[in-house]
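Subject: Structure handover

Hi,

Here is the structure you will be working with. Please open it alongside this note. My findings follow below.

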Amino acid sequence: MSTTSKQILKSFEHLPASEKREVASQIIRRAFAFDRHQLDAAQLATLYANFADEDRSLAEEGIEDYDKGLGGEDAR
């Protein structure tokens, strides 16, 4: 791995979790934008499933945060 790549990863580790997700998503999009035509249907299905799982997880996390916020408002 190049020095530049190591520096990028080191910087990435200092980002807040929400920004890490955004950066990782952009990196994945850009990496596969070049290789998209080289992926077969099974590989694409796996990628779509992984993204769906991540989306579901983020949605559940958001709902939990929203629920906690509502509970805090009710307690006031």
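pLDDT is the predictor's confidence in each residue, on a scale from 0 to 100. You need that term here, since this is a predicted model.

Confidence first. The chain has a mean pLDDT of 83. Of its residues, 93% reach 70 or more. Among the elements, helix α1 (residues 3-13) has the highest mean, at 91. The lowest mean, 81, belongs to α2.

Now the fold. The chain has 3 helices and 0 strands. From the N terminus the order is α-α-α. The radius of gyration is 17 Å, well over the 11 Å that the globule rule gives for 76 residues, so the chain is more spread out than a compact globule. Along the principal axes, the C-alpha atoms fill a box of roughly 55 × 35 × 15 Å.

Next, the surface. Buried residues make up 3% of the 76 in the chain. The accessible surface comes to about 6600 Å². Carbon and sulfur atoms account for 56% of that surface.

Last, the largest pocket. What lines it, and how much space does it hold? The space is about 360 Å³. The lining has 15 residues. Nearest the pocket's centre lie S25, I28, R29, Y48 and F51. Two helices, α2 (17-35) and α3 (41-75), each supply at least two lining residues. The largest share comes from α3, with 7 residues. By type, the lining divides into 9 nonpolar, 1 polar and 5 charged residues.

Best wishes

Conventions. Residues are numbered from 1 along each chain as its sequence is written. This is a predicted model: local features need pLDDT of at least 70, side-chain atom pairs count only at pLDDT 80 or more; totals for chains, interfaces and linings use all residues. Side-chain values use heavy atoms; hydrogens and water are left out. On a 1 Å grid over the protein atoms alone, a cavity is a set of points where a 1.4 Å probe fits but cannot get out, and a pocket is an open set with protein on both sides within 12 Å along at least five of seven lines; lining residues have an atom within 4 Å of a point. Grid points are joined across faces, edges and corners, and a volume is the space filled by probe spheres set on the points. Helices (H or I, at least four residues) and strands (E, at least two) are DSSP runs, numbered from the N terminus. Ala, Val, Leu, Ile, Met, Phe, Trp, Tyr, Cys and Pro count as nonpolar, Asp, Glu, Lys and Arg as charged, and the others, Gly among them, as polar. The radius of gyration is taken over C-alpha atoms; the globule rule is 2.2 Å times the number of residues to the power 0.38. Buried means under 20% relative accessible area, exposed over 50%, partly exposed in between (1.4 Å probe, protein chains only). Accessible areas come from the Shrake-Rupley method with a 1.4 Å probe; for residues, only the protein chains shown count as cover.
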